[in-house]
Amino acid sequence: MDSQVVIPEERVPLLNSLSAPATSRTDGEILPDHNHSPPPTPVTSVSHQAKPSDPNQRLASLDVFRGLTVALMILVDDAGGAFPVINHAPWFGVTIADFVMPFFLFGVGVSIALAYRKATNKLTATRKIIMRTIKLFLLGVLLQGGYFHGRNHWTYGVDIDHIRWLGVLQRISAGYFLVAMSEIWLSSNLAVDSPMAFMKKYYIQWIVAIVLSAMYVALLVGVYVPNWEFENLSRNSTFSNGNFGLQIETVHCGLRGSLGPPCNAVGFIDRLILGEKHLYQNPVYKRTKECSINSPDYGPLPPNSPKWCLAPFDPEGILSSVMAAMTCFVGLQFGHVMMHFKSHMRRTLLWSMSSLVLLLFACIVALLGMPLSKPLYTLSYMFLTGGASGVALSFIYYLVDVKLIRKPSLLLQWMGMNALIVYVLAAGELFPVALQGFYWRSPSNNLVNLTESFLQSLFHSKKWGTLAFVLLEILFWCLVSGFLHLKGIYFKL
């Protein structure tokens, strides 16, 4: 998997005076206070009415939301192989893993609303958006383009002819760019003093989101997908033809509106623009019943399996990323509610109602014939995960920033404050790859593998030992993030 982009937040009054204070840097970013917060007042004294607020306060619940997202990402990435039930759905349907990417995108949208609330110089803000987008995209190519080969591999480097151009951070950079630009250029200066004024201020953004969604649906159901070919390493090759075992496979399509793995418009557009060599070579549909005897896990091909089981497909493709950006738009509107409505009660009520509406839309669209699919990022999937993101943020906000129940979520809050560096080191596997370079006699006897093997022996189970190892990994990164927080170190692009 998401990555997480930590967007610097402007100095805006977000919470009432019960919130923990924060300090401000010269570049305008809000940083958490390094001192211990005063003991919270009793829950019964918390008022749902807005109070005079310190402009330097930080939304703790958003940090917890980010940290929860990163923790889920580590869990499903590293334990999904042992527990297929929490791994990504093979094609249609959703599991807990399929909510991680939308949570990332939703959090980015909320942060954008706070970061560019007082962007007076639009040209300067636009330059910053472009530069941040470029840096985030290039970081994604470095991490997921094939240069690093991951844990249990001892090589690095990538053939430029096969580099993967798209990925998690690249998708987030696209969503960030579209939504941040709309926030700078497509919102009016109208003061918000009523729900009607709120709609008037941001209605152009909503129109853009509706147009992009309609364009996605039109292309998904209307684009003609012809027969197509891909290169495959022959299983029975004798290498006598000089092609080093490569043979050309043909996938027969010739239709419109298909949402299945081989003939959908999402894959067709990626192959047309990027080329099949630059797509993800181990797509999730290899775990479908048609492609794996161990479905929903990876496994050997069944007898008479279709040829497309070996074809590439990018889950962060071009067309699907357009719809993914809509999740950023949803988060942006939740951030707008936070900006303009200071009462805890109104914020929670508006967020909850909006989330329920999105979940209702998801059910309606699914009943109309567009199933839930993360690889395609279908409209129903966007509504479902956007609504779930809103529900999760509302619940965390109520506990952390209204009731001030913060100790149970402190570890996640620390991780959320440094989500980007945790993503790079943990999800990008840079840290375990570096750590496995220190081994005893055999490269397989490195600290990472020995720790996991010890836990598997301790639990007398490979599955549960792997889960314990992953939970220990999450705790480790929470503590590392806490140490960085205590030292006042925060990584951002």
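Colleague: How far apart are the sulfur atoms of Cys291 and Cys309?

Modeller: This is a predicted model, and in it Cys291 and Cys309 form a disulfide. Both cysteines of the pair are buried, and both Cys291 and Cys309 are placed in the loop between H6 and H7, 18 residues apart. The distance between their sulfur atoms is 1.9 Å.

Colleague: What is the handedness of the link of Cys291 and Cys309?

Modeller: The handedness is read here from the torsion about the S-S bond, which is given as -80 degrees for Cys291 and Cys309. With that value, the link is left-handed.

Colleague: Which parts of the chain does the disulfide of Cys253 and Cys263 tie together?

Modeller: The sulfur atoms of Cys253 and Cys263 are 2.1 Å apart, and the two residues form a disulfide. The torsion about their S-S bond is about -85 degrees, so this disulfide is left-handed. Because Cys253 lies in the loop between strand E5 (246-251) and strand E6 (255-256), while Cys263 lies in the loop between E6 and H6, the pair ties together parts that are ten residues apart in sequence.

Colleague: Is Cys263 buried or exposed?

Modeller: A residue counts as buried when its relative accessible area is under 20%. Cys263 has a relative accessible area of 7%, so Cys263 is buried.

Colleague: What pattern do the disulfides of the protein follow?

Modeller: The count comes to two disulfides, one of Cys253 with Cys263 and one of Cys291 with Cys309. When the bonded cysteines are counted along the chain, the pattern is 1-2, 3-4.

Colleague: Where does Leu404 lie, and is Leu404 buried or exposed?

Modeller: Leu404 has a positive phi of about 60 degrees although it is not a glycine, and Leu404 is placed in the loop between helix H9 (379-402) and helix H10 (410-417). Its relative accessibility is 11%, so Leu404 counts as buried.

Colleague: What is the relative accessible area of His460?

Modeller: His460 also has a positive phi, of about 55 degrees, without being a glycine, and His460 lies in the loop between helix H13 (447-459) and helix H14 (462-486). His460 is exposed, and its relative accessible area is 73%.

Terms used. Residues are numbered from 1 along each chain as its sequence is written. This is a predicted model: local features need pLDDT of at least 70, side-chain atom pairs count only at pLDDT 80 or more; totals for chains, interfaces and linings use all residues. Side-chain values use heavy atoms; hydrogens and water are left out. Helices (H or I, at least four residues) and strands (E, at least two) are DSSP runs, numbered from the N terminus. Buried means under 20% relative accessible area, exposed over 50%, partly exposed in between (1.4 Å probe, protein chains only). A disulfide is a pair of cysteine sulfur atoms within 2.5 Å.
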